[in-house]
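The entries below keep the order in which I went through them.

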Amino acid sequence: AVAAALRAEEGWRDEVEDLIDPLPLYALHSDEYRRRTSEELARQAHAANSDGEPGRAAALFEQANRCWGGTHLLISATNMRLRNGEAPLALAAYWRLLRGAAPPSKDSNALQLQLSDTQRAHVQRKLTEAHVAFGTHERAASLLQARMRLLLHRLSISRYERIGAAASSG
């Protein structure tokens, strides 16, 4: 599981950074405005999830986190990424959540990522789920690559057969 998480993290480094440590939204607004905006976006994200729109829900949770950061928002956004079929990104993000965020910067909205015991257990379960989905994702990608190579091989043979036929008839 660790090796897969490290491979996923390497391939999705920028996306994970944007998810875990985003640039804040509405930085010039009051804390109260940012908190209320975040709550409204989270409410919309839950509604999108209920409507079966995990991609939209993920984007809304991420935007809510950018307004007023919270570990629960990061976990929800990552859950939606996994539900939306983005297993490599989800696997890397769960792994990063368990390891802790990068050292907070002065521009960071994520501050300290402290997981409660309940959150840690949830993220560990989801990490396992993402690992299984990532394996499926890798197998599907390998199968697709093999099919593409076979198709290209067949196209090459067909092309050479046509060239050979044209040369022998001419």
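Entry 1, the model. I note at the outset that this is a predicted model, and I read every value below as computed from it.

Among the buried residues of α6 are P88, Y94, W95, R96 and L97. Just after α6, I recorded that G100 takes a positive phi of about 100°.

I next asked which residues have the most contacts inside the largest nonpolar core. That core has 19 residues, and the ones with the most contacts inside it are L82, Y94, L97, V123 and L127. Helices α2 (13-20), α5 (71-83), α6 (87-99) and α7 each supply at least two residues of this core, and α6 gives the most to it, with nine residues. Taking V123 by itself, I listed I75, Y94, L97 and L98 as the residues it touches, leaving out residues up to four places away in sequence. Apart from this core lies another, of 16 residues, which includes L41, A48, F61 and C67.

I turned to α4 (residues 54-67), which has 14 residues and reaches 20 Å from its first C-alpha to its last, close to the 20 Å expected at 1.5 Å a residue.

I noted that the structure holds eight salt bridges, and I looked up several in detail.

The side chains of E62 and R81 meet in a salt bridge at 2.8 Å, N to O. This pair links distant parts of the chain, with E62 in helix α4 and R81 in helix α5, 19 residues apart. E62 counts as partly exposed because its relative accessibility is 21%, whereas R81, with a relative accessible area of 16%, is buried.

D31 forms a salt bridge with R34, the closest N and O atoms being 2.9 Å apart. Both D31 and R34 lie in helix α3 (residues 31-50), three residues apart, about one turn of the helix. An α-helix has 3.6 residues a turn, so residues three or four places apart point the same way. At 47% relative accessibility D31 counts as partly exposed, and R34, at 12%, counts as buried.

E129 and K126 make a further pair, with their side chains meeting in a salt bridge at 3.3 Å, N to O. E129 and K126 both lie in helix α7, three residues apart. I recorded E129 as partly exposed at 41% relative accessibility and K126 as buried at 16%. Salt bridges that share partners also join E32, R35 and E39 into one network.

Last, I asked which residues form a nonpolar patch on the surface. M148, L151, L152 and L155 form it, with about 390 Å² of accessible area together, and L155 is placed in helix α7 (residues 117-169).

Conventions. Residues are numbered from 1 along each chain as its sequence is written. This is a predicted model: local features need pLDDT of at least 70, side-chain atom pairs count only at pLDDT 80 or more; totals for chains, interfaces and linings use all residues. Side-chain values use heavy atoms; hydrogens and water are left out. Helices (H or I, at least four residues) and strands (E, at least two) are DSSP runs, numbered from the N terminus. The expected span of a helix is 1.5 Å times one less than its number of residues. Patches are made of residues with over 30% relative accessible area and no salt bridge: like charges are joined within 9 Å, nonpolar side chains (Val, Leu, Ile, Met, Phe, Trp, Tyr) within 5 Å. Accessible areas come from the Shrake-Rupley method with a 1.4 Å probe; for residues, only the protein chains shown count as cover. A salt bridge is a side-chain nitrogen of Lys or Arg within 4 Å of a carboxyl oxygen of Asp or Glu. A nonpolar core is a set of buried Ala, Val, Leu, Ile, Met, Phe, Trp, Tyr and Cys residues joined through side-chain atoms within 4.5 Å. Buried means under 20% relative accessible area, exposed over 50%, partly exposed in between (1.4 Å probe, protein chains only). Contact means heavy atoms within 4.5 Å.
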